[in-house]
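User: I am new to this structure and would like to go through it step by step. Could you show it to me first?
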Amino acid sequence: MASEVAAEPRADAELPPLEIPVTRTLIVAGAIASRDYQDVHHDAELARQKGSPDIFMNILTTNGLVGRYITDHFGPTAVLRKVAIRLGAPNYPGDTMVLTGRIEEVVEDDDGATATVRVVGANGIGRHVTGTVTVTLPGAGAS
């Protein structure tokens, strides 16, 4: 459901946080859906043999969750124009990733508005993802 910020986006507005339980199923399903068959995303024993304490989320799943965070907030007419993310601490099963966002800039024109949102996703060991998302909001802010 879109929040008040979605109706009239403004610079420096904070998006409400989104808590995402990091389950083994989410990690494996995301890897399969994105055709990422690397064993570190589905086989705990092989992940440990490679130095990881467990399987971990792939970047494509993270990218999708960041996109979901933005479109859940701004609503079904929002169009993602650019998603630029960087991974940090891995997302392991049993943790929770909390996505937060702040609108950095809003540019309005006759068709609506384009917002740039700074996004951070943190888990129990640190920042899993940081980045910016550029989203077009048709009709928002248009006179």
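User: Is Asp-54 buried or exposed?
Analyst: The model is a predicted one. In it, Asp-54 is buried, because its relative accessible area is 13% and buried means under 20%.

User: Which side chain meets Asp-54 in a salt bridge?
Analyst: That partner is Arg-24, and the N to O distance in the salt bridge is 2.8 Å. The two residues come from distant parts of the chain: Asp-54 is in the loop between helix 3 and helix 4, Arg-24 is in helix 2, and 30 residues separate them.

User: Is Arg-24 buried, exposed or partly exposed?
Analyst: Arg-24 has a relative accessible area of 41%, so it is partly exposed.

User: How many salt bridges are found in the whole structure?
Analyst: A search of the whole structure gives five. One of them joins the side chains of Asp-12 and Arg-102, at 3.1 Å from N to O.

User: Which residues are linked with Asp-12 in a network of salt bridges?
Analyst: The network links Asp-12, Arg-102 and Glu-104.

User: How do Asp-12 and Arg-102 count in terms of accessibility?
Analyst: Asp-12 counts as exposed because its relative accessibility is 51%, and the cut-off for exposed is over 50%. Arg-102 has a relative accessible area of 29%, so it is partly exposed.

User: What is the phi of Asp-12?
Analyst: Phi is positive at Asp-12, about 75°, although the residue is not a glycine. Arg-35 also has a positive phi, near 55°, and is likewise a residue other than glycine. Arg-35 is placed in the loop between helix 2 and helix 3. With a relative accessible area of 67%, Arg-35 is therefore exposed.

User: Where does Asp-36 lie?
Analyst: Asp-36 lies in the loop between helix 2 (24-33) and helix 3 (44-49).

User: What is the nearest side chain of opposite charge to Asp-36, and how far away is it?
Analyst: The nearest such side chain is Lys-50, 10.0 Å away. Asp-36 is buried yet has no salt bridge.

User: Then what does the side chain of Asp-36 join in a polar contact?
Analyst: The side chain of Asp-36 has a polar contact of 3.4 Å with the side chain of His-41. Once neighbours within four places in sequence are left aside, Asp-36 is in contact with Ala-31, His-41 and Asn-58.

User: Which residues form a nonpolar patch on the surface?
Analyst: The patch is formed by Ile-59, Leu-60 and Leu-87, which together have about 250 Å² of accessible area. Ile-59 lies in helix 4 (residues 59-74). At 41% relative accessibility, Ile-59 therefore counts as partly exposed.

User: What about Pro-16: where is its place?
Analyst: Pro-16 is in strand 1. Its relative accessible area is 40%, so Pro-16 is partly exposed. Between the C-alpha atoms of Pro-16 and Glu-104 there are 15 Å, and along the chain the two are 88 residues apart.

User: Stepping back, how many helices and strands are in the chain?
Analyst: The chain has four helices and five strands. Read from the N terminus on, the elements run α-β-α-α-α-β-β-β-β.

User: What box do the C-alpha atoms fill, and what share of the residues is buried?
Analyst: Taken along the principal axes, the C-alpha atoms fill a box of roughly 60 × 25 × 25 Å. The chain has 143 residues, of which 41% count as buried. The chain exposes about 7,800 Å², and carbon and sulfur atoms supply 51% of that area.

User: What share of the contacts comes from residues 24 or more positions apart?
Analyst: Among contacts in the chain with a separation of 6 or more, such residues account for 67%.

Methods: Residues are numbered from 1 along each chain as its sequence is written. This is a predicted model: local features need pLDDT of at least 70, side-chain atom pairs count only at pLDDT 80 or more; totals for chains, interfaces and linings use all residues. Side-chain values use heavy atoms; hydrogens and water are left out. Patches are made of residues with over 30% relative accessible area and no salt bridge: like charges are joined within 9 Å, nonpolar side chains (Val, Leu, Ile, Met, Phe, Trp, Tyr) within 5 Å. Accessible areas come from the Shrake-Rupley method with a 1.4 Å probe; for residues, only the protein chains shown count as cover. A salt bridge is a side-chain nitrogen of Lys or Arg within 4 Å of a carboxyl oxygen of Asp or Glu. Buried means under 20% relative accessible area, exposed over 50%, partly exposed in between (1.4 Å probe, protein chains only). Lys and Arg count as positive and Asp and Glu as negative; His and the chain ends are not counted. A polar contact is a pair of N or O atoms within 3.5 Å; within protein, one must be able to donate a hydrogen and the other to accept it, and residues adjacent in sequence count only if both atoms are side-chain atoms. Contact means heavy atoms within 4.5 Å.
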